[in-house]
Amino acid sequence: MRRIPPAPLMLGLAGVLPFAWGALGVLVPALGDWSLDLLGPRFTGRTLLLLYGTIILSFMSGVVWGFAPRAEGRHAAILYALSTVPALWAFALGFSALALAVGFAGLLGLDLHAQRTGLAPSWWMRLRLLLTSLVVICLLTALP
């Protein structure tokens with residue numbers, strides 16, 4: 001199956017909404033000001049992008065961890081170890097839009113490996129490329 005099932009597609013796109021809201025807050029100052037007054041600083045502009053980006057990149061570590069039990073022996077051990085890298089990256093460098101964008105782009109390597117080795121479904125890379133592209137574009141709006 002190469003078509004992305006509706007549930008992961010819709011939930012994945014819903015997960016991009018906070019990134020899009022943060023990017024709009026950066027790109028449209030009046031919207032950012034309105035959002036700041038209504039929602040507060042955590043849910044506005046650059047701060048939202050960086051906080052939510054750190055959380056979601058860490059979440060993606062868990063997704064990769066979830067592929068590891070399907071592997072065997074040394075391959076599983078390596079995948080478990082590599083699955084921690086996005087979360088550690090987010091923790092160490094997360095309050096940088098560029099670092100988060102690089103982290104999400106780098107995660108595609110683990111996603112591709114999981115799909116090529118049969119650990120992820122056949123539609124996985126189509127979903128990951130779509131979501132990662134949207135997320136990286138949003139994060140890049142927060143560059144100084």
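Close-up 1. The axes of helix α6 (residues 97–116) and α7 come within 9 Å and cross at roughly 175°, where axes are lines fitted to C-alpha atoms over the stretch in contact, and angles run from 0 to 180 degrees between N-to-C directions. The two helices, α6 and α7, are therefore roughly antiparallel to each other (a word used for angles over 145 degrees). In the contact (heavy atoms within 4.5 Å), α6 brings residues including Phe104, Leu108 and Asp111, which meet a set in α7 that includes Trp124, Arg128 and Val135. By class, this contact of α6 with α7 has 15 nonpolar, two polar and two charged residues.

**Close-up 2. Helices α3 and α7.** The axes of α3 and α7 come within 12 Å, crossing at roughly 160°, and α3 and α7 are therefore roughly antiparallel to each other. Leu49, Met60, Val63 and Phe67 in α3 meet Trp124, Arg128, Cys138 and Leu139 in α7. Seven nonpolar, no polar and one charged residues make up the contact of α3 with α7.

**Close-up 3. The largest pocket.** About 270 Å³ of space lies in the largest pocket (on a 1 Å grid, an open set of points where a 1.4 Å probe fits, with protein on both sides within 12 Å along at least five of seven lines; lining residues have an atom within 4 Å of a point). Of the 18 residues that line this pocket, Gly12, Phe59, Met60, Arg128 and Leu131 are the closest to its centre. The elements giving two or more residues to the lining are α1 (6–27), α3 (45–67) and α7 (124–140).

Residues are numbered from 1 along each chain as its sequence is written. In this predicted model, local features need pLDDT of at least 70 and side-chain atom pairs count only at pLDDT 80 or more, while totals for chains, interfaces and linings use all residues, and side-chain values use heavy atoms, with hydrogens and water left out.

Definitions and conventions
Grid points are joined across faces, edges and corners, and a volume is the space filled by probe spheres set on the points. Helices (H or I, at least four residues) and strands (E, at least two) are DSSP runs, numbered from the N terminus. Angles under 35 degrees count as roughly parallel, over 145 as roughly antiparallel, 65 to 115 as roughly perpendicular and the rest as oblique. Ala, Val, Leu, Ile, Met, Phe, Trp, Tyr, Cys and Pro count as nonpolar, Asp, Glu, Lys and Arg as charged, and the others, Gly among them, as polar.
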